[in-house]
Amino acid sequence: MGKQLLLSTGALARRTMGRETPRPASPEEWRTLAGQMHVRLSRDPQQAGEWALLARSLPPSAMTLAATSGLPPAARDFTNRQKALKQLKREATRPAAGRPRVALLHGPPGIGTTAVALHLGSTLYAHFPDGQFYVDLRDAAAEHDPEPAHVLLRLLRQMGVAPEQMPPTASAREQLYRQLTAGRQALLIVDHATSAAQVRSLIPGTPDVFLLVVVSGRPFALEAERVQVAPLTDRYATQMVKKVAGQDNVARVKARIPGLLEHCAGNAFALKAEAMRLLSEDAAPEPGDDAPAGDPVRGAVQNACDGLGPDTARLLRLTALGGWPAIDAHLAAAAADVTPEEAARMLGEVAEGQLLDFVADDRYRFRPEVRRILADAAGPRHGIPECSAAVERTLDTLLNRALRAAHAALPQSWRTEPVPADGDAYRDEAQGVTVLAAEVGNLVRAVSVAVEYQHITTALRLARALWPLQLKAGHWDEVLPALRVAARCADEHQPRSRTAAGLHFQLGHCLGELGRWEEAEQAAHAAAESERAAGHVRGEASSVELLGLLNLYRWRYATAHERFVEAEHIYRRIAPGQEGAQDVARALALTGRHQGRALRGMGRLEESRHLLEAATNFFKEQGESYNQARALTDLAEALHDAGEDTEALARITEAEGLLGPTAAPHLRYLDGLRLRCEARP
């Protein structure tokens with residue numbers, strides 16, 4: 001419905017300017033267009049009235065900052081850190097004096113930077129009544145730095161922005177972020193950041209918002225108050241061990257505590273991991289034989305692995321190889337070649353030893369530094385062939401899950417593969433999308449892992465299985481890195497093939513949804529050329545149709561119309577009995593609808609009406625209620641533009657009768673369109 005509003009705005013802009021007016025691509029271009037139209041509207045009361053009607057039909061913005069705390073709970077065993085906390089509190093509460101409140105909290109892996117940030121949030125809760133928001137970038141930090149637009153997306157989700165209200169571009173997201181935080185008192189924590197670019201757009205423009213950037217490792221250049229988390233002194237390290245292991249357990253091995261403190265070197269993670277071992281062992285742990293001096297995290301991980309059974313330690317190392325953002329029993333079972341029941345038991349045991357963090361829904365994740373240490377140890381301990389086999393089994397498991405979910409999400413689509421023979425089918429479209437969304441991080445990562453291990457076909461099939469997430473769930477930011485990798489891989493290994501074409505099509509669609517128009521058109525052209533080279537007529541027509549849509553949403557109505565007519569001619573080349581012949585009638589109805597939308601933007605309203613009526617009648621005959629409602633909405637817009645508001649109102653009523661409660665954004669849009677029709681004299 002946001003696109004529908006944009007098309008209406010573009011059509012009205014064209015009528016106002018008397019010429020095709022491409023959609024502005026920047027705030028400056030929007031301001032320029034607004035200034036040009038203002039001159040014309042001041043001389044044309046009728047056109048000014050049209051704009052007033054459009055503006056009044058828009059629902060009032062309901063977006064406000066969610067005044068809740070999205071912070072994870074602070075650690076119960078938090079100890080000392082008074083110097084860092086004092087410095088952070090001073091930055092958070094100082095007079096603004098025209099300087100943004102920003103702090104960069106840093107320290108070596110495992111030192112406790114996250115714990116300090118969360119403790120600060122819990123102690124200053126009352127100071128930020130408009131909300132505390134937390135974004136953890138650890139899932140991507142190890143392999144792919146998330147782009148600034150993706151960081152903004154995750155933060156806006158935390159702030160309560162609904163999917164249908166989420167701007168697609170980075171600049172629009174930043175603008176919304178600043179609108180939501182203007183005049184507010186809020187705390188923003190971005191954890192496991194890896195570059196200044198990720199957080200620069202979050203620097204507050206309002207005096208009572210405090211941005212806390214947390215870095216595990218070396219700090220980067222950012223205009224902020226630098227706050228370093230130092231190692232715990234022996235006094236406070238002993239206090240932490242007592243909090244975790246208990247006073248009695250520490251007293252039992254009192255003589256060995258100095259050695260524990262020495263090899264933990266004040267590192268909070270190492271201290272907690274070793275303290276957990278005191279709960280179940282008779283002797284204090286010793287440093288791992290292979291642990292290098294000055295690396296307490298590696299020593300703690302090795303000691304913890306030594307305290308596990310050999311099968312559990314093997315599962316842990318093999319599971320760490322892929323760098324998976326989330327781990328469940330099925331994924332770990334595939335890596336270690338054990339049953340899911342055995343894997344679930346082992347994962348629970350590992351989590352108790354601090355080597356895994358519990359997330360939710362029986363899923364776990366590694367700390368980045370722990371995963372790297374375990375992955376490094378896998379090859380020497382288990383051999384390259386076993387490690388490669390573990391990764392291959394995991395990739396196969398993820399591919400099977402993705403293919404089954406994608407088929408369930410789009411059971412009639414020729415862009416998804418048939419459901420695999422092994423494994424249970426998901427029950428319906430909703431469950432298919434839900435499974436893909438829950439697994440999206442692992443699937444995106446799996447594409448890169450498959451390429452790295454030269455499982456090229458697996459990589460390409462995994463990326464193709466992401467299509468329902470683009471089409472039905474709006475996960476464009478999440479899937480974009482995988483599509484880029486897969487498209488390059490297809491060009492290298494399967495150039496000008498149907499697979500390469502399909503991936504370029506997905507890439508073009510994704511880039512278009514994110515407003516990256518030039519890149520999107522390049523990908524769509526590549527898709528059309530590959531489909532043509534492969535002799536896939538249906539795919540070629542679909543790719544040309546995508547080019548039309550990309551131009552349509554940029555208000556390039558004449559070019560869009562040319563592409564839609566070209567797509568129609570290609571579809572008509574499919575003869576009875578050829579691949580895709582059963583879909584031709586529906587494809588022609590859709591391209592006819594798109595032609596009608598483009599013609600409306602060009603001001604050719606009678607031709608637009610004819611095509612939109614034909615599309616409406618086709619979808620009615622086919623029983624496709626939602627597509628019928630969409631075509632009716634387009635038809636009502638064209639009738640309204642032509643001044644036939646009585647007819648337009650009848651189409652609006654008809655469309656409303658076809659939509660259920662789940663189509664709330666569409667129904668709200670129809671309410672606004674009805675207001676425009678009723679308000680015009």
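## Briefing: overall fold, cores and helix H3

Of the contacts in the protein between residues at least 6 apart in sequence, 69% link residues at least 24 apart. Keep in mind that this is a predicted model. The protein holds 32 helices and seven strands, and buried residues account for 53% of its 681 residues.

**Overall dimensions**
- A compact globule of 681 residues would have a radius of gyration near 26 Å, so the 29 Å of the protein agrees with that.
- The C-alpha trace spans about 90 × 65 × 40 Å along the principal axes of the protein.

**Nonpolar cores**
- The largest nonpolar core has 127 residues, and the members touching the most others are Leu271, Val301, Leu316, Leu355 and Leu552.
- Helix H19 (residues 384-409) contributes the most to this core, with 11 residues.
- Leaving aside residues up to four places away in sequence, Leu355 touches Phe269, Val301, Ala304, Cys305, Leu308, Leu316, Val350, Phe366 and Val370.
- A second, separate core has 30 residues, among them Leu104, Val135, Val151 and Leu176.

**A look at helix H3**
- Helix H3 (residues 45-57) has 13 residues and reaches 18 Å from first C-alpha to last, close to the 18 Å expected at 1.5 Å a residue.
- Its buried residues are Gln47, Glu50, Trp51, Leu53, Leu54 and Ser57.
- Viewed down the axis of H3, the buried residues fall within an arc of 155 degrees, so they line one face of the helix.
- Pro45, Ala55 and Arg56 are exposed on the face of H3 turned away from its buried side.
- The cover over the buried residues of H3 includes helices H1 (2-17), H2 (27-41), H30 (625-641) and H32 (664-679).

Terms used:
Residues are numbered from 1 along each chain as its sequence is written. This is a predicted model: local features need pLDDT of at least 70, side-chain atom pairs count only at pLDDT 80 or more; totals for chains, interfaces and linings use all residues. Side-chain values use heavy atoms; hydrogens and water are left out. A nonpolar core is a set of buried Ala, Val, Leu, Ile, Met, Phe, Trp, Tyr and Cys residues joined through side-chain atoms within 4.5 Å. Buried means under 20% relative accessible area, exposed over 50%, partly exposed in between (1.4 Å probe, protein chains only). Helices (H or I, at least four residues) and strands (E, at least two) are DSSP runs, numbered from the N terminus. Contact means heavy atoms within 4.5 Å. The expected span of a helix is 1.5 Å times one less than its number of residues. The arc is that of the directions from the helix axis to the C-beta atoms. The radius of gyration is taken over C-alpha atoms; the globule rule is 2.2 Å times the number of residues to the power 0.38.
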